[in-house]
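Subject: Structure handover

Hello,

Here is the structure I promised you. Please open it, then read my notes below.

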Amino acid sequence: MSDRHISQHFETLAIHAGNTADPLTGAVVPPIYQVSTYKQDGVGGLRGGYEYSRSANPTRTALEENLAALEGGSRGLAFASGLAAEDCLLRTLLSPGDHVVIPNDAYGGTFRLFAKVVARWGVEWSVADTGDPSAVRAAVTPQTKVVWVETPSNPLLGITDIAAVAQVARDAGARLVVDNTFATPYLQQPLALGADVVVHSLTKYMGGHSDVVGGALITGDAELGEELAFHQNAMGAVAGPFDSWLVLRGTKTLSVRMDRHSENATKVADMLTRHARVTSVLYPGLPEHPGHEVAAKQMRAFGGMISFRVTGGEEAAVEVCNRAKVFTLGESLGGVESLIEHPGRMTHASVAGSALEVPADLVRLSVGIENVDDLLEDLQQALGQTAPRAVVTSR
């Protein structure tokens, strides 16, 4: 539906890839093809390859072309949710008896999929600190088919050296899968660093407005892309046309939003490091973050996600969440509005009691694009009356 090679510049691709003007009316935005089936020009005579919208839909095609272009891949596939995308990927790549290495800091839903669903049909998994390539190498077995990475990770903001772990996976004959949800293709390009597949929750930064649920897979391997497309159609958890249209609208402004998210988060992290009630700040943009140098090497900027720990334990962390006013208490992330949550009781409750259990005194922020002074003031009042260690301005 489009010339994906209009430009190599991300900002231009984001606006034009997949967004060819409608040939009938000249509409500059692809229409929402809210249709289930298509008239054929005789038996087997498909117009543009469309026959049934589970198999393909023009609005979804536009989004999939856009996603592939932004990640530098050859094939993009859009799903009903991020977990639907992950499920399709795992059932494409794995068989009973296979083994997967997963990170010791992963999204709770991903862990639940491995521990409660995939394991039931005979796939084994083990946990490794993916920030340490030697730990990943030690976790690999002869049955390992997939190494799974989140970077930055959720919710502890760990950083994995994608190129280094890609080499570990290649040496083992395994595929490297990178969940790029936190970074987005604007800040990080996993395929260029050696990953085989990129996973996204499109619900987050790619959509960007907290009004859509979706997921995606992108690969640079044409043969694997065909296999994934077969399973996408066979399993059926595809993105609907309106959801595809909403995400396609969101990707157009991804670069400018991510610039602002990153700028605001840097200032919020700086304030938190100075606050007397904060015991640690987890943000890869801070020089003291253990993954800072790797993040600076493989990311354009450091993103909008921050986690921090507070004095007073779990109840104090919950109280900070409850006291916030500009930061909305809610799950998810990546919208233009700032969100705050308690991972242990909310997004990561499913990992309680496992090797992935998160600290009880942890608070996670999705820093939005509001005026940063309002965000700083809100966090300071949510943390209580104790003043920061130093005067902080928005600079």
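Start with charge. The protein chain carries 31 positive and 44 negative side chains. The centres of these two sets lie 2 Å apart. Lys and Arg count as positive, Asp and Glu as negative, while His and the chain ends are left out. Each charge is placed at NZ of Lys, CZ of Arg, CG of Asp or CD of Glu.

A word on the source: this is a predicted model, where local features need pLDDT of at least 70 and side-chain atom pairs count only at pLDDT 80 or more, but totals for chains, interfaces and linings use all residues. Residues are numbered from 1 along each chain as its sequence is written, and side-chain values use heavy atoms, without hydrogens or water.

Now the overall build. The protein chain has 13 helices and 12 strands. These are DSSP runs numbered from the N terminus (helices: H or I, at least four residues; strands: E, at least two). Its C-alpha atoms fill a box of roughly 75 × 50 × 35 Å along the principal axes. Of the 395 residues, 54% count as buried. Buried means under 20% relative accessible area, exposed means over 50%, and partly exposed is in between (1.4 Å probe, protein chains only).

A polar atom of the D161 side chain lies 3.1 Å from the backbone nitrogen of A164. D161 counts as buried because its relative accessibility is 16%.

Two cis peptide bonds deserve a look. One joins T151 and P152, with omega about -10 degrees. Another runs from N154 to P155, with omega near 15 degrees.

Last, two serines. S210 has a positive phi of about 55 degrees, though it is not a glycine. S210 lies between β6 and β7. S332 also has a positive phi, near 75 degrees. Its loop runs between β10 and β11.

Best wishes

Key. A polar contact is a pair of N or O atoms within 3.5 Å; within protein, one must be able to donate a hydrogen and the other to accept it, and residues adjacent in sequence count only if both atoms are side-chain atoms.
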